Every structure is written in structure tokens, then in C-alpha cells.
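Please walk through this model with its sequence and coordinates open side by side.

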Amino acid sequence: MSVEFDRKIHAALNDSKLQLAVYTATARLKENRENVVAPSVLPDYQELRTQANALKKHVVENLDHYLEEFERNVQARGGKVIWAKDATEVADFVLSLARERNARLIVKSKSMTTEEVDLNERLEHHGLESVETDLGEYIVQLAGERPFHIVAPALHKDRYDVADIFQKRLGIEREVVPEKQTLIARKRLREKFLAADIGMSGANFLVADSGAIVLVENEGNARLSTTAPKVHVAIAGIEKLIPRAQDLAVFLKLLGRSCTGQELTVYTSFLSGARREGEIDGPDEFYVVLLDNGRTRLLPDRGKRQSLYCIRCSACLNTCPVYRRIGGHSYPWVYGGPIGAILTPQFLGTAHEPALPFASSLCGACAEVCPVKIDIPKVLLELRSEVRKSEARESRNRLEKLAFRAFAWVTSHPRVYEMLAPVTMALMPARLRDRFGLAEPPARTFRQLWSRR
Amino acid sequence: MSRENILHRVRTGLGRGAGLAISEPPAVRLRVPQVDVETRIATMLRRVEALAGKTHRAPTMEDARAFVEAALAGRGAVASNAPYLAECGIPSLAGVKSGIHDREELRAICATIGVGITSANYALADTGSLVMLSSAAEARMISLLPPAHIAILPADRILTGLDELFTVLPHPAEITSSMVLITGPSRTGDIEQILVRGVHGPGELTVVVVG
Amino acid sequence: MSDRVSLFVTCVVDQLFPKIGLSMVTVLERLGYQVDFPEEQTCCGQPAFNNGYWAEARVTARHFLDTFDACERIVAPSGSCTSMVVNHFAELFRKEPETLARVEALRRRVWEFSAFLTDVAGVEDVGAHLDEVVTFHDGCHALRELGIRSGPRRLLAHVRGLELREMQPVEECCGFGGTFAVKFGELSCAMAASKADAIVRTGARAVVSLDPSCLMQIRGALTRAGASVRTMHLAEVLASV
């Protein structure tokens with residue numbers, strides 16, 4: 001694996017503060033989820049998962065149709081759809097819109113899609129102020145870090161870290177009480193909400209038959225970002241589509257529960273277009289940016305395109321024994337956990353971090369909790385095969401390939417296999433023998449014992 | 001043009017021709033249980049309380065009005081233009097501003113006032129949610145900016161849950177630009193997973209069911 | 001109903017833990033089965049498959065098919081090896097219709113040991129006796145890929161003198177994962193350490209599992225933790241009288 005990946009994992013495993021923070025936080029989220037999907041609480045849970053998987057499969061298989069239907073319906077309500085093939089096009093659109101509207105200040109709600117395209121960095125480079133309004137995102141933005149977890153961006157920070165960050169970046173007196181820290185953020189962000197020229201959001205779902213976006217949150221910052229400013233720009237991956245508004249009866253029952261163990265998050269917003277005739281408030285302009293950024297690359301692969309079903313609930317992160325120990329920042333890209341391990345190589349190419357698909361014991365806990373039933377271990381295995389194929393093409397890692405060819409040969413020649421049996425133990429490095437408590441090889445193999453019966 | 005570029009890539013990736021018809025999406029069966037009004041009310045109020053919201057069951061509109069007056073406890077409030085609020089006599093309460101139609105004026109009031117009072121188009125009993133549709137009668141900011149939110153609605157607007165909502169309202173986009181489901185007071189757990197209420201949205205939520 | 005059963009001992013048991021194989025034979029014979037051992041057997045190919053070397057895995061897998069094609073019933077003392085055949089061979093050969101047909105025919109006749117006892121032999125009491133306090137580790141393949149959870153527990157419940165205590169958390173990976181244990185050693189050990197900790201907290205004196213590789217991983221962790229808890233395969237428990 002790359003030195004960087006190895007180093008980050010090692011650092012995380014030896015950071016006892018990080019270990020405690022990540023393990024306990026994910027333990028709580030995991031438990032909360034288990035409590036609300038238990039058969040006695042949600043008897044339909046497995047059926048809902050099956051339905052959600054079927055709906056997403058249908059959308060992905062007919063994605064062009066639903067993209068066009070969505071666009072038509074957004075336009076019918078006076079909104080605009082912008083198609084962005086990559087990060088640059090997203091930033092270019094927002095920048096030109098900001099220029100046209102003389103906008104200086106942007107408030108935004110949480111969106112991993114905008115992280116994917118480094119939007120804030122690009123906007124700030126051009127002199128715009130783009131403020132994250134979700135408390136966790138606000139904290140990591142001030143700290144200059146990437147989100148640590150898809151849903152809980154500051155999971156790795158304790159109150160003293162937050163006190164340090166606020167003191168340094170906001171120039172205030174040190175405050176260590178979380179309730180008071182929250183009030184500080186609330187006050188600061190309120191000023192921003194009310195002064196902002198543009199509000200940006202992601203979208204949990206894009207509803208094709210309505211030309212609507214759905215936003216799911218607990219704080220109210222997404223509502224404020226999309227209500228107070230005069231312009232609303234929503235940025236979403238093309239795979240966020242669902243066919244009909246009524247399909248939310250399936251997805252909303254799964255998302256909150258899988259995510260935080262809530263039946264519904266505090267606010268669920270269904271937004272379609274700018275404010276209508278007669279409506280008192282709401283934005284005057286409504287834009288939806290549909291982002292490709294590599295998603296179309298996954299479509300031809302029938303085995304792996306299920307990776308696009310993801311509704312970003314983070315249940316897989318909270319249950320993954322690997323994520324729970326190495327944490328979000330050990331992953332090479334913005335998405336961490338099992339979903340990150342399958343999206344990263346598919347979006348950026350396996351060469352970006354060839355070891356990533358191997359950083360899993362394939363325990364399958366992720367697949368068990370995925371609300372849309374993505375078979376993550378299966379995708380990881382396919383990615384492993386792809387890594388080996390490109391290594392073979394580029395003549396890299398030849399020794400290991402040779403070893404496995406030898407393995408294949410020996411295991412298809414029983415007499416040779418039998419002869420080599422005593423040798424295999426000797427071939428095992430001492431450290432591995434120690435690791436597995438294999439002090440002495442057994443005097444005889446099973447085969448030998450059997451033949452003596 | 002990126003639109004053509006992206007659509008082309010999608011079609012090629014899927015092996016679909018342009019304008020090709022699709023099969024029907026998988027059917028989603030919406031199940032609406034038969035639940036009597038009393039049970040709906042009880043479930044609704046219980047769920048709201050479980051979410052740390054406050055509740056009041058008002059047998060009459062007059063009672064609702066009296067309750068709200070007491071709940072305001074001298075705080076200033078802004079009320080939406082919902083006809084139901086007028087029927088309950090809310091706009092005439094002391095310290096309550098209402099009848100505002102101008103966005104800027106409303107925003108200025110909401111930014112400093114202590115309480116926002118609204119009705120609700122529907123409620124969802126099984127999750128304790130209020131369903132607010134933006135309109136001339138209901139502005140979005142009233143249930144969002146002030147630190148406290150009081151919602152008053154008649155019992156017959158309480159639906160059983162999401163399935164019933166999408167049965168009675170399969171196309172929200174046809175009637176409003178914003179439908180919001182409010183399920184409890186605003187909260188966050190972003191610092192050490194400690195629950196703090198009232199970040200951005202109202203930290204205090206009171207639901208008054210009349211009837 | 002025929003009483004023939006063929007052993008797929010797995011390379012790990014053959015070379016490292018032959019006693020597990022013998023225990024399995026003991027139990028099966030006690031139940032009246034005629035056990036045979038197809039001598040051409042080697043490995044199921046899982047190490048190559050998990051490592052991404054699918055062409056190489058296919059070679060090993062084809063040999064497996066050749067070895068076991070004619071066997072009526074095949075039993076293995078390993079959830080992961082059984083799952084390799086039952087669930088993953090089809091992936092390996094999805095582009096070879098003829099081999100795929102052989103896989104489809106064979107996979108219905110391969111069982112993990114505990115599942116064979118409960119689902120084919122239809123027994124829960126195999127006449128075993130072991131005075132011991134144990135805990136049970138659910139290996140991930142057996143649990144999630146083969147759906148085995150209550151079977152081993154029912155079998156253990158009928159062992160005279162045995163007390164079973166569940167660990168908390170239950171159902172967490174031991175961290176072996178084959179190649180994972182080698183390439184991500186520190187991480188694998190961290191996972192194993194948590195498992196050892198959970199085991200020790202039960203107060204059990206032995207941990208039982210269906211998978212020799214899990215047992216190997218756990219044994220190392222228990223030693224490093226200085227715990228005097230032994231590892232036992234379910235077959236060894238059931239063979240005890």
C-alpha cells in the first residue's frame with residue numbers, strides 16, 4: 001500500500017484519544033440504529049430494504065429517463081438545472097452566478113458532494129466567503145480539516161478541541177462547555193444566514209416526478225440556508241434520483257433510522273422551485289446542479305454499479321470494525337468507511353490507492369446494515385481482482401503473482417501438495433507463526449493420520 | 001455542452017437509446033391503517049413529548065387561545081396568516097403580530113421575536129411530526145427563526161403517518177415550493193455526541209391539538 | 001437415505017489442525033455415517049480469490065470440482081471454506097457456463113459441519129459431554145454468508161456439563177480475513193485484541209468456533225493478552241464424551 005495510507009492507519013491506531021472518540025461515538029450510533037430497526041419496532045424493515053434496493057436499481061438502470069424527467073419538472077416550476085461533469089464546472093457555475101448577483105457571502109448546509117468537488121476551497125480562492133452552517137461542519141471548516149464522518153463531521157473532536165478552535169479562529173474567550181459552544185456557533189451563524197446572498201445545499205434525494213429536492217437534518221441550518229437567502233443552489237450527484245414523491249414513504253423510513261436511530265430527523269424539507277405566487281418567503285431563484293464527476297463511469301458495470309444506490313446514511317461506517325478503528329481521516333478521499341472503500345477506487349481509479357479494497361476483513365457487517373442492500377463485500381472482491389489485473393498489465397507486484405501461480409499449481413497437483421505439506425509451516429514467517437500461536441507444526445497432517453486408520 | 005455529454009455517457013453506459021421508454025418503477029404499496037381520531041391524538045401527543053416537545057390538548061378553540069396566552073408568558077410573538085389561527089383568536093392576543101405579507105418585514109420580526117405561532121396543514125401521529133406547506137397563509141420563517149414555536153391545529157388534520165401523507169398528498173410540488181416535516185425541536189449532537197437543543201431552529205416546540 | 005459423507009477437511013485443518021478433522025470424523029461416525037476422504041483434495045482456492053487472483057483461484061476451484069463432483073454429500077469444518085464453494089465459486093465461473101453448471105450442481109451438496117448436523121442429520125444432541133464454561137465466536141462467513149447462528153448454539157446446549165456464555169459485543173469480526181491479517185497486521189491485531197477482551201470478560205475457559213482460521217487468530221490474541229482461555233473447534237467439543 002502507499003506509505004501515506006499505512007502511516008495514517010498506524011497513527012490512528014496509536015492515538016488513544018482518537019480510538020476512544022471514534023469507538024464510543026460509533027458504538028452509540030450503531031446501538032441507536034439497532035434499537036429502531038429491531039423486528040419488534042419496525043417489522044417491515046427487511047421489506048423496506050428490498051423495496052429501496054429495487055427502486056434504486058430501477059432508477060440507475062433508467063437514469064437518463066429520470067434525469068430528463070427531473071429537469072423538465074424543475075423547469076416547469078421556474079427552476080434551472082445545471083449539468084456539471086466535474087468539480088471545475090460546479091465551481092464555475094457558482095462563481096459566475098455569484099458574479100452576476102454581486103454575491104459575497106454564501107451559507108451552505110452539509111453536503112458530501114460539495115466536499116467531493118472541493119467547492120469551498122475553489123470559491124474562497126476567488127474571494128467568496130462560503131460558510132458551513134452545520135455545527136460539525138462549521139467546526140471542521142474552522143479547523144481546516146475534512147469531515148471525519150459522513151454524518152458527524154467533528155466526531156473526532158472533544159470539547160477542548162472545539163474550545164481551542166473557537167478561541168483561535170473566532171478570537172473569543174475560551175469556552176469548554178458544549179452547550180455554550182453551540183450557542184456561540186448559533187449566534188455567529190445566524191448573522192451569516194441573514195446576511196447571505198446565496199444559500200447552497202446538497203440533496204438527500206432528487207424527486208423526478210416533482211422536480212424537487214429533499215433535505216434531511218436535525219439543526220435547521222439546511223432550512224435556514226435554503227429559506228433566508230434570495231438564491232438557492234442545490235448540488236447533487238446524478239444518482240440521488242428517486243422516481244416519485246411517494247417513494248419517500250420507503251426511503252424516509254430507512255434514512256433516519258439507519259443514520260442516527262431516529263424515525264425521522266427533526267426537519268425533512270421537500271423543496272420544489274423558488275417561492276411561488278402568494279408565498280411570503282423562500283428564495284427567488286432555484287438552481288439544481290447535477291454532478292457527474294465519475295458516476296457515469298460506474299454505469300456499464302452491472303456488478304458494481306449498485307455502489308450508486310447509496311443514500312449516504314453512514315450505517316456502514318458505524319458498524320465497520322475497520323472504520324471504527326482507523327477513523328475517517330485515514331481514508332484517501334472524502335468518503336470513508338466501507339462505502340468510501342468502494343467509491344474511491346471507482347471514481348478515482350484503483351491506482352489512487354491500490355491497497356484500499358484490501359483494507360477489509362470482508363466480515364460483511366456493512367452489507368447487513370445497508371438500507372439499500374449494496375453488497376459491499378462483493379464489490380470489494382471485484383475491485384481486488386481489478387487491482388491484480390492492472391498490476392499484471394503493468395508488471396508490478398510480480399513476486400506475489402508468482403506465488404499465487406505456484407499456489408494454483410500446487411493445489412491442482414495433489415501429490416505435490418501432499419509432499420509440500422510439512423514445508424508450508426516452515427515457509428511461514430516466524431512473526432506470523434507467533435501471531436497465530438502456531439509454535440510447533442503438528443507431527444502428522446490429517447491426510448497422514450487418515451491413511452493410518 | 002455538459003448536458004449532452006452527461007446524458008450521452010449515461011445512455012452509453014446503460015446501453016439505452018435516447019428517448020427509450022422505461023418499464024414501470026417498482027410499486028410502493030402505501031398502507032394506511034384504520035385508526036380512530038382519539039388514538040391518533042394520543043399517539044401524536046405522546047410522540048411529541050418523547051421528542052422533548054410540549055403538548056396541550058384543547059377541547060375548544062377558546063381553551064387553545066387561553067393556553068397560548070399563558071404559554072407566551074409576556075413574550076412577543078409573530079403569528080402566521082393561517083385562517084385557523086384567526087378562528088382561534090390568536091392574532092388578537094397581546095404582543096402577537098400577524099397579518100404580515102412582506103418578506104423583509106417578516107424576516108426582521110422573526111429575527112428578534114421570541115415566539116413563532118403557526119397552524120399546520122397536517123400532522124403525522126406515528127412520528128409526532130407537523131407538516132407545514134409554505135403559502136400565503138404559512139410563511140417558512142415563522143417556524144424556523146424564533147427560538148420557540150407553537151403550532152395549533154385541529155385534531156382532524158392528524159394523519160397516521162408517512163404512508164397516509166403521500167396518499168392524501170402524492171404531489172406536494174403541485175401546491176407548494178416547500179413542504180417541511182417538523183419532528184421535535186431543533187437539536188445537534190455534533191460536540192461529543194452531547195444533545196443540545198435549539199441550534200438554528202427553535203429549541204422549544206409546543207403542539208396544541210384542538211378537538 | 002444413504003449414510004455416506006465425504007470429508008472436505010480444508011488445507012488449514014489438514015496441515016495445521018488435523019485433530020479438528022479427526023473430531024469431525026468421530027462425531028459423524030457416532031451418528032452412523034460412513035465417512036470417506038477423497039484423497040485428491042487440496043484447497044478451495046479462497047486465499048487466491050480473496051487476494052484478487054481469480055484466474056489462479058479458478059485453477060484450484062476446478063480441481064475441487066474434479067475431486068468432489070461425484071460425492072453425494074460433502075462436509076467441511078469451516079464456514080469460510082464452505083461459503084467459498086457455496087457462494088463464491090459461481091462468481092469465479094460466471095463466464096464459463098459449463099463449469100458454472102457443475103458448480104450449481106455441487107454447491108447444494110456441500111455443508112459446513114454444524115449445519116450438516118442440524119439441517120441434514122437433523123440432530124442437536126450428539127451425545128457429547130464436556131465439563132466446561134465456554135463462549136461462542138460467530139465467524140463472519142458462517143454467520144453472514146451461510147446464515148448460521150442458532151444451530152451451533154443448539155448443539156452446544158445439548159452437550160452435558162457445558163455452560164455457554166455469550167460475549168458482548170457478539171458477532172464482531174475477529175480480524176483474520178485471510179490476506180487482511182498479513183497486509184494490515186496492526187489493524188488485524190487490534191480487532192483480535194478486542195475479541196480477546198470480550199472473551200475474557202465472559203469468564204469462560206474456552207472459546208468455541210466453527211472456523212479454524214478464526215480460532216488461530218483468536219488464540220494468538222488470547223496469548224498476547226496473557227489469558228488462559230483455550231480455543232476449541234465445535235467438532236472437538238462435540239467429539240468429547
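Predicted model: local features only at pLDDT ≥ 70, side-chain atom pairs only at ≥ 80, totals over all residues.

Residues are numbered from 1 along each chain as its sequence is written, while chains are lettered from A and ligands numbered from 1 in the order in which they are written.

In chain A, six strands make up an open sheet with parallel pairing, in the order S1-S10-S7-S4-S2-S3. The edges are held by strand S1 (80–84) and strand S3 (129–132) of chain A, each with a single partner strand, so one side of each has no neighbour in the sheet. From one strand to the next the twist averages 25°, where axes are lines fitted to C-alpha atoms, for helices over the stretch in contact, and angles between N-to-C directions run from 0 to 180 degrees. S1(A) pairs with S10(A) in the parallel sense over five bridges, and within this pairing A:Lys80 has A:Tyr287 as its bridge partner in S10(A). Strand S7 (residues 231–237) of chain A is likewise parallel to strand S10 (residues 285–291) of chain A and is joined to it by seven bridges; here A:Ala234 is partnered by A:Val288, and A:Ile235 by A:Val289. A residue is called buried if 20 or more other C-beta atoms lie within 10 Å of its own, exposed if 12 or fewer, and partly exposed in between, with C-beta atoms placed from the backbone. Six of the seven residues of S10(A) are buried, so this strand is largely enclosed by the rest of the structure.

Chain B also has an open sheet of six strands with parallel pairing, in the order S1-S12-S7-S4-S2-S3. Strand S1 (54–58) and strand S3 (96–97) of chain B stand at its edges with a single partner strand each, so one side of each is left without a neighbour in the sheet. Five bridges connect S1(B) with strand S12 (residues 204–210) of chain B in a parallel arrangement, and B:Lys54 has B:Thr206 as its bridge partner there. Helix H2 (residues 37–50) of chain B packs on the sheet by touching S1 and S12 of chain B, and its direction makes about 155° with that of S1(B). Helix H3 (residues 61–72) of chain B lies across S1, strand S2 (77–79), strand S4 (115–118), S7 and S12 of chain B, running at about 165° to S12(B).

Which residues does B:Pro154 contact, leaving aside its neighbours within four places in sequence? With contact meaning that the C-beta atoms of two residues, placed from the backbone, lie within 7 Å, they are B:Tyr84, B:Val210 and B:Gly211. B:Pro154 belongs to strand S7 (residues 148–154) of chain B and is partly exposed, because 18 other C-beta atoms lie within 10 Å.

Some backbone details deserve a separate look. Most residues other than glycine have a negative phi, and most peptide bonds are trans. A:Leu362, in the loop between helix H16 (337–348) and helix H17 (365–369) of chain A, has a positive phi near 60°, and it counts as buried because it has 25 C-beta neighbours inside 10 Å. B:Glu192 has a positive phi of about 55° and sits in the loop between strand S10 (187–188) and strand S11 (196–197) of chain B. A cis peptide bond, with omega about -5°, joins C:Gln168 and C:Pro169, the latter lying in the loop between strand S6 (160–164) and helix H10 (179–183) of chain C.

Finally, the chains can be considered together. Of the two pairs of chains in contact, chains A and B share the most contacts, whereas no contact joins chain B and chain C, whose closest C-alpha atoms lie 20 Å apart. The contact between chains C and A takes 46 residues from chain C and 43 residues from chain A.

Methods: Pairing = 2+ DSSP bridges. Helix = DSSP H or I, 4+ residues; strand = E, 2+ residues; numbered from the N terminus.
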